[in-house]
Amino acid sequence: MQPVDRQGNEPSGATAQNDGASAAGADDGDRPADAARYSERLLSEGHERWEGHRCPICFLFVGLPMREYAKMNVCCMKTVCKGCELAAKQRGIYDRCPFCRTPHPTDDASKLAMIQKRVSKRDSVAIFHLGNKYYHGGLGLTKDVPRAIELWTEAAELGLVYAHHNLGHAYYTGKGVDEDKPRGIRHWQEAAMKGDVQSRHSLGVAEFNNVNHELAVQHYMISAKMGCENSLNAIKKRFMGGLATKAKYAEALRGYGDALEEMKSHQREEATKLGF
């Protein structure tokens with residue numbers, strides 16, 4: 001259930017682009033007051049991670065990137081952390097979902113059937129996941145990017161931050177759709193204000209590309225404090241380049257450390273030691 005782009009890939013010498021990153025979310029962009037209010041809201045909301053980033057069993061936020069620390073189960077569309085996966089296996093639960101106890105599917109056809117069953121119930125995560133399969137051509141489906149965009153759009157309309165992030169990436173980069181940077185940024189803004197870490201980091205990258213270094217650092221600060229290592233590294237680069245203060249970097253470092261502490265558990269540490 002992972003977004004299609006990667007964090008932390010901003011070029012070291014990006015040139016200015018007129019992509020309207022700072023005020024793309026203001027519907028009446030020609031009205032300075034509206035744009036200012038939207039920009040203030042953008043920076044004041046979304047400082048806590050989206051609740052969907054929590055493991056549904058231990059209720060701790062999953063480490064980032066989530067694909068490295070958790071596994072999504074197609075039966076119930078719940079993303080369970082590796083600590084809870086290990087705990088389930090230690091209790092003898094090997095062949096079924098640790099959350100809903102449904103037996104694991106044995107082949108792609110079974111996986112697809114489970115996803116489609118959840119899609120029929122308008123499960124936003126299932127709709128998003130099916131979109132991913134169409135985007136990449138998985139589970140026996142023929143690659144169909146326009147269909148993937150349709151499904152992501154449906155999931156985004158249902159409020160799923162992952163879908164907003166992927167749509168933001170698609171429109172900002174023009175991969176699979178006509179490039180529309182302001183539209184892509186609006187999707188990232190919607191997700192960032194709900195606490196999506198990757199979208200917040202992407203806004204930092206967009207502002208960096210647009211040579212709005214101060215605003216880029218503000219976005220990076222928010223995502224770094226939610227546990228995004230790529231954002232922390234971006235602030236470090238800005239500090240080394242004279243574009244961020246030592247105090248800002250120290251603040252980001254402390255916030256990042258606090259976020260990591262909040263995601264720790266004995267089960268997760270054991271899973272890491274065992275290479276689970």
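Helices (H or I, at least four residues) and strands (E, at least two) are taken here as DSSP runs, numbered from the N terminus. The structure is a predicted model, in which local features need pLDDT of at least 70, side-chain atom pairs count only at pLDDT 80 or more, and totals for chains, interfaces and linings use all residues. Residues are numbered from 1 along each chain as its sequence is written, and side-chain values use heavy atoms, with hydrogens and water left out.

The chain holds 13 helices and 2 strands. Of its 276 residues, 49% are buried, where buried means under 20% relative accessible area, exposed over 50% and partly exposed in between (1.4 Å probe, protein chains only). A contact is defined by heavy atoms within 4.5 Å. Among contacts between residues at least 6 apart in sequence, 58% join residues at least 24 apart.

Helix α11 makes a friendly place to begin. The expected span of a helix is 1.5 Å times one less than its number of residues. For the 12 residues of α11 (residues 229–240) this gives 16 Å, and the end C-alpha atoms are 16 Å apart, which agrees. Within α11, the residues S231, L232, A234, I235 and R238 are buried. They cover an arc of only 160 degrees around the axis, so they sit on the same side of α11; the arc is that of the directions from the helix axis to the C-beta atoms. As background, an α-helix has 3.6 residues a turn, so residues three or four places apart point the same way. The buried residues of α11 pack against α9 (197–209), α10 (213–224) and α12 (246–262). After α11 comes G242, with a positive phi near 80 degrees.

Next come the strands, which pair if DSSP finds at least two bridges between them. Strand β1 (residues 70–73) and strand β2 (residues 78–81) run antiparallel and are joined by 4 bridges. K71 stands opposite V80 in β2. The two strands, β1 and β2, form a hairpin with 4 residues between them, and M77 in the turn has a positive phi of about 65 degrees.

Cysteines were examined for disulfides, defined as pairs of cysteine sulfur atoms within 2.5 Å. The count comes to 0 disulfides. The closest cysteine sulfur to that of C76 belongs to C97, at 3.7 Å, which is too far for a bond. For C97, the closest cysteine sulfur is in C75, 3.7 Å away and again too far for a bond. C76 counts as buried because its relative accessibility is 11%, and C97 is buried with a relative accessible area of 0%.

Y172 lies in helix α7 (residues 161–173) and W188 in helix α8 (residues 181–192), so the pair ties together parts that are 16 residues apart in sequence. Both Y172 and W188 are buried. Ring pairs also link W50, F128, Y135, W152 and Y162 into a cluster.

H53 is found in the loop between α1 (32–44) and α2 (66–69), and at 2% relative accessibility H53 counts as buried.

Technical notes. Rings of Phe, Tyr and Trp (its six-membered ring) pair if their centres lie within 6.5 Å; planes under 30 degrees apart count as stacked, over 60 as edge-to-face and the rest as tilted.
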